[in-house]
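Let's take a walk through this protein model, one contact surface at a time. Keep the 3D view open while you read.

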Amino acid sequence: MSEIFRLEDVTFTHPGTTRKVLNKMNLTIEGGSRDAVLGMNGAGKTTLFYTLTGVYKPQEGTVYNHGEPVDYTRAGLQNLRSDVAVILQNPDEQIFCSLVEEDVAFGPLNLGLDRDEVERRVSKALRDVRMTPYARRPLQQLSGGQRKRVAIAGALAMNPKIMIMDEPTAGLDPQASMEVMELAEKLHLQGVTVLISTHDIDIIYKWADTSSILYNGKIEYSGPAEGFYSDPETVYRCGLLTPSIFNMNRDICAIDGMDVDPYPRNCCEFTAKFGNPKESGRLVCVAAEEETAAERYEEVMKDLKGVQTGVYGSDVRYALTDNGIDFRFDAMDMCFTDAVRGKDSVLFYDSIYTPTIKEQADKLRKIGFDVDLEVI
Amino acid sequence: MATLLEADNITFSYDKKGPKVMDGMSMKIEEGKKTAIMGCNGAGKSTLFSLLNALRKPDSGKVLFRDKPLTYRHKDIIKMRSEVSILFQNPNDMMFKPYVEQDVAFGPENMKLPKEEIEERVQESLFAVGMEEYRKTPIMKLSYGQRKRVTLAGVLAMRPSVIIMDEPTAGLDPQMAYEVMEIAEQMHSSGVTVIMASHDTDLTYSWADELRVLYGGKCMYAGEPEPFYSDFESVQKAGLLLPTVFMMNRTLADLGKGSLEPYPRAQSQMALKTAQHKDVDLGVLHVIKAERDTDIKAIIDDYQLGGMPTGVYGMSARMALRATSTDVDFLYNGPENCTMKCLNGQDSVLICDPLMFDKAVTSAMFINEHGFGKINIDVV
């Protein structure tokens with residue numbers, strides 16, 4: 001893994017104030033990991049992000065990007081920012097144009113891309129956030145959650161190497177939140193470094209490999225989430241909470257004399273660990289592309305009439321909208337959970353997610369449950 | 001129960017050519033209940049609230065308050081709004097004055113209350129949201145979360161009979177989210193009807209008595225949460241997902257580990273329902289019912305409760321706590337934190353507003369009543 005960002009004793013104070021929002025902060029962000037940044041309001045998360053993108057220049061300490069100190073000249077910053085996209089918590093702060101498609105095109109046009117490429121990226125990004133029907137609508141007519149999706153589309157259209165998402169699911173409905181996490185996973189698999197800050201501890205616990213905890217302008221902890229959550233006093237002091245599934249696992253294991261490790265992080269892992277599952281249901285996994293999804297669906301479902309179906313990933317979801325899919329959202333966990341309870345299902349997914357499917361099956365095996373998984 | 005607020009076949013659109021945001025919306029809100037309103041982005045939750053509060057007028061159909069259709073006469077509207085308060089999602093949409101205390105006093109002043117009464121309400125409301133020290137602070141200087149608390153204080157100062165909260169926890173860190181939920185529970189305990197729109201499926205599931213689901217400008221479901229979540233097709237159509245504990249409980253029931261009912265709604269309930277050993281020693285939950293003037297320190301000494309993990313819950317308990325110099329471990333989410341300590345075999349102490357007692361022991365009672373374990377509840 002390569003180092004993407006490194007902060008060395010970084011201190012930042014907003015002009016005209018005295019509080020050090022970042023106070024000798026040290027942090028390394030590695031490429032290719034799923035990173036979460038957690039902390040209470042005012043802990044310095046947003047300031048950290050602005051520091052990473054060069055918007056704020058620290059008074060002390062150094063920010064390194066790919067091993068080089070950030071160059072705060074105009075050209076240097078432009079260079080840095082062509083790699084990094086940021087989704088702000090409040091979408092209204094990053095909406096520049098009046099029409100949806102114009103707004104999403106704003107970033108790519110600034111990159112100097114040609115019209116066709118811009119158009120291609122805009123339509124793909126809008127589709128990924130399910131806002132295609134709103135392309136020609138004025139932004140003021142959209143709800144808060146819809147504007148958030150437009151802001152996300154704008155960041156996706158930049159094809160960044162580093163994606164910083166500040167509260168990406170706040171204000172989104174549950175299905176849209178799941179889609180955003182799916183997108184984050186897709187970016188991760190494409191090699192983009194994804195950094196998510198959120199207050200939704202339960203959602204992020206399912207996804208992140210590394211959690212960095214901010215407190216009082218410093219990094220209180222950085223590593224796998226469990227190492228932090230196992231110390232309730234510190235969690236509490238940092239103004240955070242432990243994920244409910246982490247708590248339940250701890251309590252049940254204490255009462256029943258079981259080992260807390262492996263830690264379940266979602267429903268299929270929890271029920272596999274505590275439900276004494278017997279025979280696995282058959283889980284047929286079908287990797288597809290947007291163009292091939294409909295055809296594959298026909299082909300696979302011929303022999304599997306009446307079996308429950310799920311989609312994971314925006315390409316297959318889009319291609320199979322009219323196919324009467326049973327689980328259109330959160331389908332990976334739904335289908336694996338069905339396997340745990342002995343029910344058959346078929347999961348169609350964008351082929352890029354193959355490693356994620358394998359990872360899920362491996363995790364269940366570690367818990368002691370072998371999924372009857374068939375990849376076709 | 002009496003119907004307090006009602007939407008009767010409402011249609012509404014923002015402009016004549018635009019889509020109908022409300023399209024035959026009918027819904028009843030019962031007095032004294034906790035009602036969660038859910039629906040996907042753009043389903044019309046915020047629009048519905050502005051209609052219920054007479055900020056907008058429906059194109060057709062009626063809004064009824066205490067069975068009477070709204071008249072939209074200025075005088076009636078002012079009176080109605082003193083009873084039906086909205087806490088908007090974005091606090092910046094509802095701050096009217098430059099200083100904190102002025103902003104909180106704004107509503108009561110409009111109600112033409114006597115000066116002393118306004119002063120008392122401002123003081124109490126700011127205490128309830130933990131913003132007393134900021135009385136004289138300019139609102140400009142406050143953070144988002146602090147502004148949210150000030151607007152909540154403004155709503156409290158109106159002493160409404162209905163409070164409508166639009167995404168009250170969005171953008172708040174977990175600690176503040178629990179503080180807001182505690183205030184909502186406090187209001188409910190004192191007889192206020194609480195309506196909450198939220199996208200947090202797990203939060204609303206653990207909180208709500210009643211669920212209303214909006215879809216396509218209509219109310220597609222009204223009733224208790226479980227029947228709705230048992231119909232997965234409708235859940236999906238509405239843009240929602242299953243609450244985590246609901247999905248876990250159903251899967252475990254399918255695997256023959258326990259029955260579907262009783263439905264656990266909180267993590268401690270789910271954990272104890274799942275654990276095999278029902279006879280293991282759990283801790284004792286000591287609950288100190290504290291009025292404002294209760295000497296907590298003396299009680300803790302008399303009953304030898306010092307040194308145990310201690311939480312606080314509810315307004316009078318917080319006031320009593322302030323008067324003493326007692327250390328508390330859990331300043332927020334007291335009931336669940338103390339119950340969790342009991343699950344881990346530790347005794348704990350919860351200093352609790354007597355009005356909030358039932359809410360504080362919900363999880364412990366659930367566990368005890370269904371034989372999932374035994375938490376001794378010792379009321380001091």
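In this predicted model, domain 1 and domain 2 of chain A bury about 1400 Å² between them, and carbon and sulfur atoms give 52% of that area. Three residues stand out on the domain 1 side: A:R127, A:E182 and A:K186 supply 45% of the area that domain 1 of chain A buries against domain 2, more than any other three residues.

Where do these domains run? In chain A, domain 1 covers 3-237 and domain 2 covers 277-375. Taken over C-alpha atoms, their centres are 30 Å apart. The contact itself involves 14 residues of domain 1 of chain A and 15 residues of domain 2 of chain A.

How many salt bridges link domain 1 of chain A and domain 2 of chain A? The count is eight. One of the salt bridges in chain A joins A:R127 to A:E290, with the closest N and O atoms 2.6 Å apart. Between the two domains of chain A there are also ten residue pairs in polar contact, both residues being at pLDDT 80 or more. On the domain 1 side of chain A, α4 (115-128) and α6 (174-189) each supply at least two of the touching residues. The largest share comes from α6(A), with eight residues. Sort that side of domain 1 of chain A by class and you get three nonpolar, two polar and nine charged residues.

Now for chain B. Its domain assignment gives domain 1 (3-237) and domain 2 (284-379), and 30 Å separate the centres of these two domains, again over C-alpha atoms. Here 13 residues of domain 1 of chain B are in contact with 14 residues of domain 2 of chain B. The area buried between domain 1 and domain 2 of chain B is about 1300 Å², and carbon and sulfur atoms give 59% of it. On the domain 1 side of chain B, B:F127, B:E182 and B:Q186 lose the most area to domain 2, together 45% of what that side buries.

The domains of chain B have four salt bridges between them. In chain B, B:R318 forms a salt bridge with B:E182, and their closest N and O atoms are 2.9 Å apart. There are six residue pairs in polar contact between the two domains of chain B, both residues at pLDDT 80 or more. Helices α4 (115-128) and α6 of chain B each supply at least two residues of the domain 1 side, and α6(B) gives the most, with eight residues. That side of domain 1 of chain B divides into three nonpolar, four polar and six charged residues.

Next, the meeting of the two chains. The contact takes 54 residues from chain B and 52 residues from chain A. The area buried between chain B and chain A is about 4400 Å², with 60% given by carbon and sulfur atoms. In chain B, the residues that lose the most area to chain A are B:N41, B:Q236 and B:L255, together 15% of what that side buries.

How many salt bridges cross between chain B and chain A? The rule finds one. B:D254 forms a salt bridge with A:R341, the closest N and O atoms being 2.1 Å apart. Polar contacts between chain B and chain A come to 18 residue pairs, both residues at pLDDT 80 or more. Among the helices of chain B, α10(B) gives the most to the side that touches chain A, with seven residues. That side of chain B divides into 27 nonpolar, 19 polar and eight charged residues.

| Salt bridge | Closest N and O atoms |
|---|---|
| A:R127 and A:E290 | 2.6 Å |
| B:R318 and B:E182 | 2.9 Å |
| B:D254 and A:R341 | 2.1 Å |

Let's zoom in on α10(B). This helix is mostly covered, as eight of its eleven residues are buried. The buried residues include B:F246, B:M247 and B:L252. They pack against α10 (244-256), α11 (267-274) and α14 (331-340) of chain A, together with α7 (201-207), α8 (225-229) and α11 of chain B. Just after α10(B), B:G256 takes a positive phi of about 80 degrees.

How values were computed. Residues numbered from 1 in each chain as written. Chains lettered and ligands numbered in written order. Predicted model: local features only at pLDDT ≥ 70, side-chain atom pairs only at ≥ 80, totals over all residues. Heavy atoms only, no water. Contact = heavy atoms within 4.5 Å. Buried area = accessible area lost by both parts, 1.4 Å probe. Salt bridge = Lys/Arg side-chain N within 4 Å of Asp/Glu carboxyl O. Polar contact = N/O pair within 3.5 Å; in protein donor to acceptor, adjacent residues only side chain to side chain. Helix = DSSP H or I, 4+ residues; strand = E, 2+ residues; numbered from the N terminus. Nonpolar A, V, L, I, M, F, W, Y, C, P; charged D, E, K, R; others polar. Domains from an automatic or database assignment. Buried < 20%, exposed > 50% of the residue type's maximum accessible area, 1.4 Å probe, protein only.
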